[in-house]
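Thanks for coming. Please look at the sequence and the structure on the screen while I go through a few points.

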Amino acid sequence: MKKLFLLAFVLCAGLSTQAQEDWTKLTEVFDQVYSLATDLGEQTDKVVANGNVISIVTAKGTVSVKKKLDKSKPQHLRHYEYTLMTSAGKLIPLDKMNAERVIETFQAKLTELKTSLAENQDADVEKILNSLFQ
């Protein structure tokens with residue numbers, strides 16, 4: 001019986017450690033997306049990154065994702081809670097799987113926006129240069 005209990009304890013501890021690592025990776029991805037949003041925020045008013053919140057302004061309103069330190073967990077774990085927010089006032093707490101989906105979607109859209117802005121800027125520069133020599 002003791003061996004079975006020890007085996008169950010070791011397995012649960014392993015799963016707990018693995019889950020913490022997954023949340024740590026999610027935090028790293030969020031920080032990368034936040035950095036991208038900060039860069040884009042300097043180029044356009046459609047993206048805002050401020051105080052652990054990333055917001056994207058769309059035709060339908062603003063959609064934001066917020067990262068907040070979970071105070072119910074020990075401080076050394078640095079476990080965060082993620083919330084999806086809309087301009088209509090809807091707040092949706094995200095579990096790990098949904099937080100990953102939301103952050104990955106934000107990352108994809110921001111990367112797409114960055115590419116689009118670079119192409120538009122290149123086209124504007126080309127247009128200005130062409131007009132100088134005609």
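**Contacts, charges and one buried valine**

Of the contacts in the protein with a separation of 6 or more, 42% are between residues 24 or more positions apart. Contact here means heavy atoms within 4.5 Å. Before I go on: this is a predicted model, where local features need pLDDT of at least 70 and side-chain atom pairs count only at pLDDT 80 or more, while totals for chains, interfaces and linings use all residues. Residues are numbered from 1 along each chain as its sequence is written, and side-chain values use heavy atoms, with hydrogens and water left out.

Now the layout. The protein has 2 helices and 5 strands, and along the sequence they come in the pattern α-β-β-β-β-β-α. These are DSSP runs numbered from the N terminus, with helices being H or I of at least four residues and strands being E of at least two. The accessible surface is about 9,800 Å², and carbon and sulfur atoms hold 58% of that. Those areas come from the Shrake-Rupley method with a 1.4 Å probe, and for residues only the protein chains shown count as cover.

How much of the protein is buried? Of its 134 residues, 22% are. Buried means under 20% relative accessible area, exposed means over 50%, and partly exposed is in between, with a 1.4 Å probe and protein chains only.

Take V65, in strand β3. V65 counts as buried because its relative accessible area is 1%. Which residues does V65 touch, leaving aside neighbours within four places in sequence? They are F30, N52, V53, I54, T83, L94, V102 and F106. V65 and F106 are 41 residues apart along the chain, and their C-alpha atoms are separated by 8.6 Å.

K68 is also in strand β3, which covers residues 61-69. K68 has 45% relative accessibility, so it counts as partly exposed. Not counting residues up to four places away in sequence, K68 touches H79, Y80 and E81. From K68 to E81 is 13 residues in sequence and 5.2 Å in space, C-alpha to C-alpha.

Next, charges. Side chains of opposite charge can pair when their charged atoms come close. A salt bridge is a side-chain nitrogen of Lys or Arg within 4 Å of a carboxyl oxygen of Asp or Glu. How many salt bridges does the structure hold? There are 2.

One of them joins D31 and K67, with the closest N and O atoms 2.8 Å apart. D31 lies in helix α1 (residues 2-43) and K67 in strand β3, so this pair ties together parts 36 residues apart in sequence. K67 is buried, at 5% relative accessible area, whereas D31 is partly exposed, at 38%.

There is also a salt bridge between K96 and E100, where the closest N and O atoms are 2.2 Å apart. Both residues lie in helix α2, 4 residues apart, or about one turn of the helix. K96 is partly exposed at 21% relative accessibility, and E100 is partly exposed at 27%.

Last, E119, D122, D124 and E126 form a negative surface patch. Patch residues have over 30% relative accessible area and no salt bridge; like charges are joined within 9 Å, and nonpolar side chains (Val, Leu, Ile, Met, Phe, Trp, Tyr) within 5 Å. Asp and Glu count as negative and Lys and Arg as positive, while His and the chain ends are not counted. The place of a charge is taken as NZ of Lys, CZ of Arg, CG of Asp or CD of Glu. E126 lies in helix α2, residues 96-132, and is partly exposed at 44% relative accessible area.
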